[in-house]
Amino acid sequence: MALGFVCGAWGAYYNPKDQVRALEQLREKLPSLGAPEPTSGKRDRPRRARQLGKLMAEYLGSLLLAALVIGSGIAAQRLSPGDTGLQLTENAAATAAGLFAIILMFGPVSGAHFNPIVSFVDAAFGGLSWRHAFAYLPVQIVGCVSGAVLANLMFSAGAVSISTTHRATVAHGLSEVVATVGLILVIFSLARSGRGERAPAAVGAYIGAAYWFTSSTSFANPAITVGRMFSDTFAGIAPASAPVFIAAQVVGGELALLLVRALYPGVTPSQAAEVVVPHTAVSSRG
């Protein structure tokens, strides 16, 4: 009887159908032995492509921003000669509307910083790695210089004309501190409160208004400050005045960082990663 039981069990074990089923289950659980393991280079390609896309978006956005500011200034100067108030109105209106559109255009790719102060404050909150913030810096500057050259050429001027408009006064420096603080507060307050999708309109409106309530006409951006040196037109700034503006903008960025932490405590890296508008963020651990 025991022998019969053993033989029956042995026969069940060697049932061909059971063997086939067992092999299929084993094949599903084990990785394919013939498939090559993905290399780290292949895994990194999509991430590198995204990073290059972000750099391209920052370059193009900065280029268009500078072309917008300088080009509308040239147009205003030519269309309304002798009327500085009207020229400023035209320049401010074009900048506000155009900035709204440019942020919508490139925001989904890079967040639409176009401004080293925005990028470095974002890095301080963990929304952007410091490595990527430093990578954005030259791209934003070169983009703004390219935009200045493009604006000059579009209005049949020399490709490069160094500005002779001197703006280095205490009032201008104070204005740049105020303008930069306000810009950073607008951007990060919206990100902290989950209203990032409103940033394009809010940033455009703020910059348009700041053209009027600051004596410096609200540069609030070191990259655009450098770019505007290369156009001796309505929106230009003399190279001798640029260091004062940039220093004031850095001070404004530091003050804004402290104010954001005081007014909106607990800003998380995930919230900061949505600056200026929600987008596919670059890892803060990069």
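**Terms and the values behind them**

Analyst: Isoleucine 74 lies in helix 3. Helices (H or I, at least four residues) and strands (E, at least two) are DSSP runs, numbered from the N terminus. This is a predicted model, where local features need pLDDT of at least 70, side-chain atom pairs count only at pLDDT 80 or more, and totals for chains, interfaces and linings use all residues. Residues are numbered from 1 along each chain as its sequence is written, and side-chain values use heavy atoms, with hydrogens and water left out.

User: Why is isoleucine 74 called buried?

Analyst: Buried means under 20% relative accessible area, exposed means over 50%, and partly exposed is in between (1.4 Å probe, protein chains only). Isoleucine 74 has a relative accessible area of 3%, so it is buried. Isoleucine 74 and glycine 236 are 9.9 Å apart in space, C-alpha to C-alpha, but 162 residues apart in sequence.

User: How many helices and strands does the chain have, and what share of its residues is buried?

Analyst: The chain has 11 helices and 0 strands. Of its 286 residues, 45% are buried.

User: What makes serine 72 buried, and what does its side chain reach?

Analyst: Serine 72 has a relative accessible area of 13%, so it counts as buried. Serine 72 is found in helix 3. Its side chain reaches the backbone oxygen of valine 69 at 3.2 Å. A polar contact is a pair of N or O atoms within 3.5 Å; within protein, one must be able to donate a hydrogen and the other to accept it, and residues adjacent in sequence count only if both atoms are side-chain atoms.

User: Why is the pair of phenylalanine 120 and tryptophan 130 called stacked?

Analyst: Two values are needed. A pair of aromatic rings is described by the distance of the centres and the angle of the planes. Rings of Phe, Tyr and Trp (its six-membered ring) pair if their centres lie within 6.5 Å; planes under 30 degrees apart count as stacked, over 60 as edge-to-face and the rest as tilted. By this rule the count comes to 7 aromatic pairs. The rings of phenylalanine 120 and tryptophan 130 have centres 6.0 Å apart and planes at 25°, so the pair is stacked. This pair links distant parts of the chain: phenylalanine 120 is in helix 5 (residues 116–124) and tryptophan 130 in helix 6 (residues 130–154), 10 residues apart. Phe120, Trp130 and Phe134 form one aromatic cluster.

User: What kind of aromatic pair do tyrosine 206 and phenylalanine 213 form?

Analyst: Their pair is edge-to-face, with 6.1 Å centre to centre and 70° between the planes. Tyrosine 206 is buried, with a relative accessible area of 15%. Phenylalanine 213 counts as partly exposed, at 48% relative accessibility.

User: How do you know that arginine 228 lies over the face of phenylalanine 219?

Analyst: A charge sits over a ring if NZ of Lys or CZ of Arg is within 6 Å of the ring centre and within 35 degrees of the ring normal. Arginine 228 lies over the face of phenylalanine 219 at 3.5 Å from the ring centre. Arginine 261 lies over the face of phenylalanine 125, at 5.3 Å from the ring centre.

User: Which residues does the cis peptide bond join?

Analyst: The cis peptide bond joins valine 275 and valine 276, with omega about -5°. Valine 276 is in the segment after helix 11 (269–272).
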